Amino acid sequence: MQKVLVLEDDPLLAQTLKQGLTAKRLAVTVVNDLRAFSLAVNREQFAVCVMDRLIGDRDSIELIPEVRELLPQARILLLTKKSAVLDRIEGLEAGADDYLAKPFSMAELRLRIRSLLSLYRVESETHGLSIGKLMFYPLQGVLQGPTGKVFLPRRETEILLCLVRAAGTVVSKRFLERTLWPETFEPNPSTIDVYVRRLRQKLGSFGGVLRTKRGFGYYLKLR
């Protein structure tokens, strides 16, 4: 059974989340402060971390680097009353995989978590996809290069997979938006740009293979 760690300081909401997620056969651990969360990720392996953005007077995104270091394959979902575009971008740039604004339905939360769990794997289930001198393992969200592994958050994994499948042809921003988000959600026009910029950084010295065709979209140039 895959484990989910929930950081929520509202006692009633914390209880609701634990009951609602446990009913779907998830092993759920709930903590109510940043210290308890830090102790939990140091002691156990979690597939998904669901984090309320504001815990008391502190911002939980300060814990994301610790999660990435200790649980590099874990997926991170932020819950918050902050719904402004800049707040969402801030959370995603900090390393979160997904973002859910309050109030939300339990059904939507379960759907988001299932989607994140589908990307989490302890071991590779494919032979990987070649990107020049890199190997890309989409089920793990891993890039393997000459200098080691790089773990990609969910959205960056999905974007790179779309580009690899396109085999060098241009993929439009609109197509990526429709692929990454349901029709009921309209992302900010700059959101895809944020993910692509982060993806280029992860590609490191191979970042030049990810090209932009101005006014159209993105493609991989491998030769």
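**Figure 1. The cavity found in the predicted model.** A search of the whole structure, which is a predicted model, finds one cavity of 30 Å³ or more. Here a cavity is a set of points, on a 1 Å grid over the protein atoms alone, where a 1.4 Å probe fits but cannot get out, and lining residues have an atom within 4 Å of a point. About 40 Å³ of space lies in this largest cavity, where a volume is the space filled by probe spheres set on the points, and grid points are joined across faces, edges and corners. The lining consists of Arg68, Pro72, Gln73, Ala74, Arg75, Gln140, Gly141, Phe151, Leu152 and Pro153. Five of the lining residues are nonpolar, three are polar and two are charged; in this scheme Ala, Val, Leu, Ile, Met, Phe, Trp, Tyr, Cys and Pro count as nonpolar, Asp, Glu, Lys and Arg as charged, and the others, Gly among them, as polar.

Residues are numbered from 1 along each chain as its sequence is written, and side-chain values use heavy atoms, with hydrogens and water left out. In this predicted model local features need pLDDT of at least 70 and side-chain atom pairs count only at pLDDT 80 or more, whereas totals for chains, interfaces and linings use all residues.

Figure 2. The domain assignment of the chain gives domain 1 (2–117) and domain 2 (129–220), with bounds that come from an automatic or database domain assignment. The C-alpha centres of domain 1 and domain 2 lie 24 Å apart, and the contact between them, meaning heavy atoms within 4.5 Å, takes 15 residues from domain 1 and 16 residues from domain 2. Each of the two domains also supplies at least three residues to the lining of the largest cavity.

Figure 3. Thr157 lies in helix α6 (residues 154–165), while Phe136 belongs to strand β9 (residues 134–137); helices (H or I, at least four residues) and strands (E, at least two) are DSSP runs, numbered from the N terminus. Thr157 is buried, with a relative accessible area of 1%, and Phe136 is also buried, at 0% relative accessibility, where buried means under 20% relative accessible area (1.4 Å probe, protein chains only). Leaving aside neighbours within four places in sequence, Thr157 is in contact with Arg75, Phe136, Pro138, Gly141 and Leu152. With neighbours set aside in that way, the contacts of Phe136 include Val142, Leu152, Thr157 and Leu161. Phe136 and Leu161 are 25 residues apart in sequence and 8.6 Å apart in space, C-alpha to C-alpha.

**Figure 4. Strand β3 and its partners.** Five of the five residues of strand β3 (residues 48–52) are buried, so this strand is largely enclosed by the rest of the structure. Val48, Val50 and Asp52 point one way from β3, and Cys49 and Met51 point the other way. Strand β1 (residues 3–7) runs parallel to β3 and is joined to it by four bridges, with Val50 as the bridge partner of Val6. β3 also pairs in the parallel sense with strand β6 (residues 75–80), over five bridges, and there Arg75 is the bridge partner of Val48. Two strands pair if DSSP finds at least two bridges between them.

Definitions and conventions. On a 1 Å grid over the protein atoms alone, a cavity is a set of points where a 1.4 Å probe fits but cannot get out, and a pocket is an open set with protein on both sides within 12 Å along at least five of seven lines; lining residues have an atom within 4 Å of a point. Buried means under 20% relative accessible area, exposed over 50%, partly exposed in between (1.4 Å probe, protein chains only).
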